[in-house]
Amino acid sequence: MKYRVRHLTRYHYGAPVSLSHHAAHLRPRGDSSQRHHGVDLDITPFPAVLKDDRLDYFGNPTTFFTIQEPHTTLEVEVRFVVETHAPPPLPADGGGPWETTRDRLTAGTGAGIERSLDFLHASSQVPLLAQAAAYAAPSFPPGRPLAEAVLDLVRRIHTDFVFDPDATSVGIPLAEVFSGRRGVCQDFAHVGIACLRATGLAARYVSGYIRTLPPPGQEKLQGADASHAWLSVFLPGWGWLEVDPTNDMIAGEDHVVVAWGRDYDDVSPIRGVVLGGGDHHVEVAVDVDVIRP
């Protein structure tokens, strides 16, 4: 699939901001699963300092910028074209018994293992919870193939947790998400990651976009799409299996990857420190339009 993506973020401040420093994850990753073209990034007011050729610790394209003039509105818009590809077939054995991968990760040896260890332990948004271990257990009986167990976990999260954009906010403790069984895609990704890590497996948070379709007979509304989040789990000798618990599916051509990390904190679209500003509110508009199937 080939898409044209536009992501506009606009901050409105209640009082002038005299100085601000920001880091943004808005440029897409490029790898064997997707290629991007013509990335344009516009920032208003224009930054006094702009560094848009950096990679963070996880290899995500990262933009750093500083605005030194007083402002009450900050507008950041990124536009790019990206071509996505279907994921490769899963291994015939489903990755082998899940315990084998757990034991290899515990030992920390083997091809590719060292690159997965950053995603094995607790992180700021994904603590190791007894609730997560208990919830994951039915999907991981002894000897079950790893991919089959992961897909069963994804199906259960999709079934048991209710999508509710009013139920949570960024930074809500994960234990509350488990208790309330409600949230949004970021929460469901964190739930899945917590379950996998509590089982001894390596899982990472993936941020990006998903192709959305309008209701039958209605036109697609411009700006009505949104950022999306899902997760991936490490299968030694095969790679990272990306799964989307919000939609109960393996992530594929409809998913556009921007960044990955241990959790949302590593890959938030825009974060920063401002001097002044008072209260503020944010407007976000996202478009993911198909250029070619």
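## Salt bridges

A salt bridge here is a side-chain nitrogen of Lys or Arg within 4 Å of a carboxyl oxygen of Asp or Glu. One of them joins the side chains of Arg 155 and Asp 152, with N and O 2.7 Å apart. This is a predicted model, in which local features need pLDDT of at least 70 and side-chain atom pairs count only at pLDDT 80 or more, while totals for chains, interfaces and linings use all residues. Residues are numbered from 1 along each chain as its sequence is written, and side-chain values use heavy atoms, with hydrogens and water left out.

Arg 155 and Asp 152 both sit in helix α3 (residues 146-160), three residues apart, which is about one turn of the helix. Helices (H or I, at least four residues) and strands (E, at least two) are DSSP runs, numbered from the N terminus. Arg 155 is partly exposed at 38% relative accessibility, whereas Asp 152 is buried at 14%. For these words, buried means under 20% relative accessible area, exposed over 50%, and partly exposed in between (1.4 Å probe, protein chains only).

## A link across the sequence

The structure holds 17 salt bridges. Another to look up on your screen pairs Asp 287 with Arg 6, at 3.2 Å from N to O. Asp 287 belongs to strand β14 (residues 280-292) and Arg 6 to strand β1 (residues 2-24), so this pair ties together parts that are 281 residues apart in sequence. Asp 287 is buried, with a relative accessible area of 4%, and Arg 6 is partly exposed at 27%. Salt bridges with shared partners also join Arg 6, Asp 42, Glu 77, Arg 79 and Asp 287 into one network.

Arg 102 and Asp 103 form a salt bridge too, their closest N and O atoms being 3.1 Å apart. Arg 102 is partly exposed, with a relative accessible area of 27%, and Asp 103 is partly exposed at 41%.

## The cavity between the domains

A search of the whole structure finds one cavity of 30 Å³ or more. On a 1 Å grid over the protein atoms alone, a cavity is a set of points where a 1.4 Å probe fits but cannot get out, and lining residues have an atom within 4 Å of a point. The largest cavity has a volume of about 60 Å³, taken as the space filled by probe spheres set on the points, which are joined across faces, edges and corners.

Domain 1 (2-84 + 268-290) and domain 2 (98-261) both give residues to the lining of the largest cavity, so the cavity lies between them; the domain bounds come from an automatic or database assignment. Among the lining residues are His 7, His 25, Tyr 209, Val 258 and Pro 269. Strands β8 (203-210) and β12 (255-261) each supply at least two lining residues, and β8 gives the most, with three. The lining divides into six nonpolar, five polar and no charged residues. In that count, Ala, Val, Leu, Ile, Met, Phe, Trp, Tyr, Cys and Pro are nonpolar, Asp, Glu, Lys and Arg are charged, and the others, Gly among them, are polar.

## Cysteines

The whole structure has zero disulfides, a disulfide being a pair of cysteine sulfur atoms within 2.5 Å. For Cys 185, the nearest cysteine sulfur is that of Cys 195, 17 Å away. Cys 185 is buried, with a relative accessible area of 6%. Cys 195 is buried as well, at 0%.

Note on methods
On a 1 Å grid over the protein atoms alone, a cavity is a set of points where a 1.4 Å probe fits but cannot get out, and a pocket is an open set with protein on both sides within 12 Å along at least five of seven lines; lining residues have an atom within 4 Å of a point.
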